[in-house]
Amino acid sequence: MEHPALFGVVASGNLEVLVESGSDKTLCDFEVDTSAHGFAPVWQAVLEDFVTRYPVGGLKFSIHDAGATPAVVHLRLVQAFHSLDSGS
Amino acid sequence: MMQRRCSFREATARQRVAHLLDPGSFMEWLGPEQRLTSPHLAALGAPVAFDDGVVIGAGRLHGESVIVVAQEGVFNGGAVGEIHGAKVRGALMRAAREKPRAVLMLVDSGGVRLHEANAGLLAISEIMRALFLVQEAGVPVFALVGGTCGAFGGMGIVTRLCDVVVMSEEGRLGLSGPEVIETVKGVEEFDSRDRALVWRVTGGKIRRALGEAQQLVEDDVAAFREAVTTHTRFTDPQCHEAWSEEGLEREQARLSARRRDYEGVRDAQVIWNGLGVGRQVALMTSEEFNRFLQEAGLA
């Protein structure tokens with residue numbers, strides 16, 4: 001991957017996702033910074049679901065969240081993943 | 001194949017830059033991977049953005065080198081904080097030194113980020129000073145206003161300092177924003193929830209008619225691009241419009257006449273009625289509106 005990809009904007013009910021190369025090709029790293037506290041199990045579920053659907057080994061996803069719903073989080077993760085191919 | 005229209009208003013700052021410049025030419029400075037986030041927002045426990053809400057860098061437009069600043073209006077209203085402001089100022093200082101063909105300011109901001117009050121105010125004054133250095137170096141600065149936040153507060157002033165202001169009807173330009181006016185002076189003074197009123201008073205059409213914007217274009221990134229690439233300040237590097245004493249006096253006379261003609265006017269509708277176009281204005285495309293201004297001798 002030449003350039004890191006950024007998708008989404010931090011705004012109420014929204015989030016941004018930065019995708020970079022990770023250190024280990026067999027792992028996918030997530031770093032979540034969120035203003036909504038107490039939703040760790042929900043995040044865990046959304047991220048686990050995402051990694052079973054997409055080949056994300058060797059990538060690192062960093063997230064700034066401002067209270068997005070699980071569906072929006074999933075959508076942005078997928079968009080960020082696809083934006084790696086399109087290079088935008 | 002027909003190019004799909006890209007709404008300037010709907011696009012993010014990053015998408016605007018990508019569509020505006022020659023494909024693949026943009027090189028971002030201090031990109032999101034550098035994680036220059038706001039320490040002030042973090043201290044308040046507020047969400048931060050990887051780029052602190054502004055994209056800066058260099059690229060090519062119609063083959064010519066340009067330096068670009070693009071604010072993200074959706075992140076904290078595009079407001080200028082310490083990091084955000086330092087990035088804008090840095091890009092301008094580099095433009096003053098490197099002298100590209102033009103600087104493009106994609107302004108989308110409510111002004112100073114109130115969480116960072118003094119640092120934000122200081123940043124605005126530094127941006128203004130840097131802008132003057134760019135202009136002194138002979139580099140034209142284009143303000144492109146068509147985002148969700150428009151250009152208000154300190155960034156409204158910065159916009160008016162630019163050499164050429166390009167707006168869409170959806171873009172807005174002003175000093176105090178509608179909600180600020182309502183909060184300070186009351187709803188009788190200005191109803192910020194009256195969307196039609198807000199756009200009649202601050203929108204692209206009235207700003208163009210009053211001469212505060214020099215170009216009115218459709219809400220399409222390609223239209224903004226064309227407005228810049230066909231402008232004489234872009235096509236002719238020798239074209240300088242330095243203010244002469246006569247020029248300043250002409251501008252003073254124009255503003256005095258405007259004040260006299262429109263004294264006490266509280267709504268652009270009065271101005272449109274006076275020009276005999278009443279409510280048709282809202283339905284005009286930018287092309288029809290520009291033709292109307294031309295025919296009315298207001299262009």
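Biologist: Is Ile206(B) buried or exposed, and what is its relative accessible area?

Modeller: The model is a predicted one. In it, Ile206(B) has a relative accessible area of 4% and is therefore buried, since the cut-off for that word is under 20%. The residue belongs to helix 8 of chain B.

Biologist: Which residues are in contact with Ile206(B), leaving aside its neighbours within four places in sequence?

Modeller: They are Arg200(B), Val201(B), Ala268(B), Ile271(B) and Trp272(B).

Biologist: Which residues other than glycine have a positive phi?

Modeller: Two examples may be given. Leu30(B) has a positive phi of about 50 degrees although it is not a glycine. Leu30(B) sits in the loop between strand 1 (27-29) and helix 2 (39-43) of chain B, and it is partly exposed, with a relative accessible area of 34%. Lys99(B) likewise has a positive phi, near 50 degrees, and its place is the loop between helix 3 (82-98) and strand 4 (102-107) of chain B.

Biologist: At what angle do helix 3 and helix 4 of chain B cross?

Modeller: Their axes cross at roughly 10 degrees and come within 9 Å. Angles under 35 degrees count as roughly parallel, and helix 3 of chain B is therefore roughly parallel to helix 4 of chain B. Among the residues making the contact are Val88(B), Leu92(B) and Ala96(B) of helix 3 and Ala123(B), Ile127(B) and Leu131(B) of helix 4 of chain B. By class, this contact has 12 nonpolar, one polar and three charged residues.

Biologist: How do helix 4 and helix 5 of chain B pack?

Modeller: Helix 4 (residues 117-136) and helix 5 (residues 153-161) of chain B pack at an angle of about 5 degrees, with their axes 10 Å apart. This pair, too, is roughly parallel. From helix 4 of chain B, Ile124(B), Met128(B) and Phe132(B) are among the contributors, and they are met by residues of helix 5 including Met155(B), Val158(B) and Leu161(B). The residues of this contact divide into nine nonpolar, two polar and no charged.

Biologist: What area is buried between chain A and chain B?

Modeller: The size of an interface is often given as the accessible area lost when the parts come together. Between chain A and chain B the buried area is about 1,200 Å², and carbon and sulfur atoms give 72% of that area. In chain A, Leu6(A), Val9(A) and His64(A) lose the most area to chain B, together 37% of what that side buries. The contact takes 16 residues from chain A and 14 residues from chain B.

Definitions and conventions. Residues are numbered from 1 along each chain as its sequence is written. Chains are lettered from A and ligands numbered from 1 in the order in which they are written. This is a predicted model: local features need pLDDT of at least 70, side-chain atom pairs count only at pLDDT 80 or more; totals for chains, interfaces and linings use all residues. Side-chain values use heavy atoms; hydrogens and water are left out. Axes are lines fitted to C-alpha atoms, for helices over the stretch in contact, and angles run from 0 to 180 degrees between N-to-C directions. Helices (H or I, at least four residues) and strands (E, at least two) are DSSP runs, numbered from the N terminus. Angles under 35 degrees count as roughly parallel, over 145 as roughly antiparallel, 65 to 115 as roughly perpendicular and the rest as oblique. Contact means heavy atoms within 4.5 Å. Ala, Val, Leu, Ile, Met, Phe, Trp, Tyr, Cys and Pro count as nonpolar, Asp, Glu, Lys and Arg as charged, and the others, Gly among them, as polar. Buried area is the accessible area (1.4 Å probe) that two parts lose on being put together, summed over both. Buried means under 20% relative accessible area, exposed over 50%, partly exposed in between (1.4 Å probe, protein chains only).
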